[in-house]
Amino acid sequence: MEIAIMGAGLSGLACAITLEKNGISPTIFEKRSKVGDRFVNGEVLLDIFTRPVQDCIASLSDEYGIYLKPTSSIQKMELYSKNEEAVIEGHLGFTNIRGREEDSFESQLGQQTKTQIHFNSNKTYEDLLSEYTHVVLATGDGAYAKETKNFRKDLSVSIKGATVEGSFDRYTVMAWIDYYISPYGYCFLIPYSEKEACISIAIPDLPENKDVNIGQLWEVFYHKVRSQLKQELPITDQFQITNYLMGICHSPRIGNTFYVGNNFGTMMPFMGFGQYASIVSGVYAAYDLCGLGDYHTLMEPLRQSYEDALVLRRTMEHLSNEGLDRMIRSLQGYWGETLFLTKTINPIRVASYLLRPYIKMKKGVTS
Ligand SMILES: Cc1cc2nc3c(=O)[nH]c(=O)nc-3n(C[C@H](O)[C@H](O)[C@H](O)COP(=O)(O)OP(=O)(O)OC[C@H]3O[C@@H](n4cnc5c(N)ncnc54)[C@H](O)[C@@H]3O)c2cc1C
């Protein structure tokens with residue numbers, strides 16, 4: 001068995017690590033010049049989005065032998081709509097860094113594998129198919145899945161973000177769901193440390209947003225964060241992504257091609273979380289390749305999570321700022337704590353179940 005992994009990101013590296021542990025040596029082809037050679041940004045692993053898993057970092061290490069050090073745990077989340085706020089306190093998840101930093105998640109995974117990585121690769125999927133018996137597509141987007149007609153596109157999002165300097169509480173993450181700043185989207189402040197944070201704005205590419213200028217909205221958001229934190233927050237680094245694809249594969253494996261990470265559809269369309277599922281999908285593809293499980297079956301819970309998140313995303317597209325105000329107000333206190341902190345409840349599953357008929361009535365959702 002000759003295995004090629006296309007992409008040295010979260011899912012591709014997790015796949016390689018797991019194959020190695022089981023005595024199989026794959027080869028990785030990465031288009032960039034080193035692992036993590038991309039913009040730097042802050043991301044989060046939120047327990048509420050990975051239920052029934054309670055602690056992603058512990059689960060990755062205990063269940064899958066993948067060891068990651070987050071930047072910090074999250075002990076407080078501040079949620080803002082246009083006129084309301086909710087503060088949830090307790091252990092909510094973790095923050096981490098991505099990209100070219102030494103301690104980014106991809107760099108940490110890169111250090112856990114001895115697999116040969118061919119950098120600056122321009123091999124196509126077709127090249128790899130002809131040279132290897134098995135191909136793991138881990139390129140971080142659904143492009144190949146779409147090209148091979150194995151992908152249902154549900155959404156694309158444009159994102160603008162920056163690293164800012166200031167004074168932050170590293171245990172607190174802030175999120176804004178305010179359509180005045182980000183129509184049908186969301187904004188985050190994720191600290192890297194007490195002195196640096198990532199701020200970002202994500203705007204879905206919906207027909208309703210065709211006249212939206214992300215640059216202008218970014219300025220509104222940047223101004224809002226500075227006045228809310230009463231700090232200057234000078235920008236030291238910036239990134240922008242247009243039309244970031246979200247969707248899901250019809251089949252996670254076709255012949256000897258495995259679709260992992262965002263190629264499968266691990267990026268939740270609700271708030272854009274996909275790190276944990278991406279890593280796990282890489283592990284599961286490796287299990288199948290090692291004869292330890294069936295990739296289709298193993299991926300079913302992740303498919304369900306995606307579909308649940310899609311219901312919430314479609315619901316967001318029918319809300320107004322007044323509706324968001326009501327939602328955020330209701331999360332302050334008992335309900336927020338119950339949803340975010342009761343480990344036995346999967347709120348995304350429950351909400352999706354309750355909202356499905358509403359969405360079916362409004363638009364029709366595919367599952
Ligand atoms: C701005 C932003 C913020 C996010 N925030 C969060 C968050 O807070 N929490 C969360 O859980 N998720 C978040 N996500 C989603 C998460 O980052 C992704 O779901 C996850 O990284 C996907 O992992 P992957 O392995 O599919 O792809 P990646 O980790 O992106 O890796 C893909 C790799 O493939 C390489 N590659 C691409 N094309 C080729 C090619 N043709 N040949 C060879 N190599 C190729 C790339 O260079 C890269 O190294 C965010 C995403 C973005 C863009």
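Start at Lys230: at 75% relative accessibility, Lys230 counts as exposed (over 50%; buried is under 20%, partly exposed in between, with a 1.4 Å probe and protein chains only). Its phi is positive, about 55°, although Lys230 is not a glycine. Select the loop between α6 (214-229) and β12 to find Lys230. Helices (H or I, at least four residues) and strands (E, at least two) are DSSP runs, numbered from the N terminus.

This is a predicted model, in which local features need pLDDT of at least 70 and side-chain atom pairs count only at pLDDT 80 or more, while totals for chains, interfaces and linings use all residues. Residues are numbered from 1 along each chain as its sequence is written, and side-chain values use heavy atoms, with hydrogens and water left out.

**Backbone stops**

Select Tyr184 next. Tyr184 has a positive phi of about 65° and is not a glycine. Look in the loop between β9 (172-176) and β10 (186-191). Tyr184 is buried, at 19% relative accessible area.

Now pick Arg51 and Pro52. A cis peptide bond joins them, with omega about 10°. Pro52 sits in the loop between β3 and α2 (56-64). Most residues other than glycine have a negative phi, and most peptide bonds are trans.

**The ligand**

Select the ligand and the 29 residues around it; Ser11, Glu30, Val44, Asn262 and Gly274 come nearest (a heavy atom within 4 Å counts as near). A polar side-chain atom of Ser11 lies 2.6 Å from a ligand oxygen. From Asn262, a backbone N or O atom lies 2.8 Å from an oxygen atom of the ligand. From Gly272, a backbone N or O atom lies 3.2 Å from a ligand nitrogen. The protein covers 89% of the 1000 Å² of accessible area that the ligand has on its own (Shrake-Rupley, 1.4 Å probe; for residues, only the protein chains shown count as cover). Colour α1 (10-21), β3 (41-46), β12 (235-249) and α7 (275-289): these elements give two or more residues to the shell.

**A buried arginine**

Go to Arg152 in strand β8 (residues 151-165). Arg152 is buried, with a relative accessible area of 17%. Show Glu307 too: the two side chains make a polar contact at 3.1 Å (N or O atoms within 3.5 Å; within protein, one must be able to donate a hydrogen and the other to accept it, and residues adjacent in sequence count only if both atoms are side-chain atoms).
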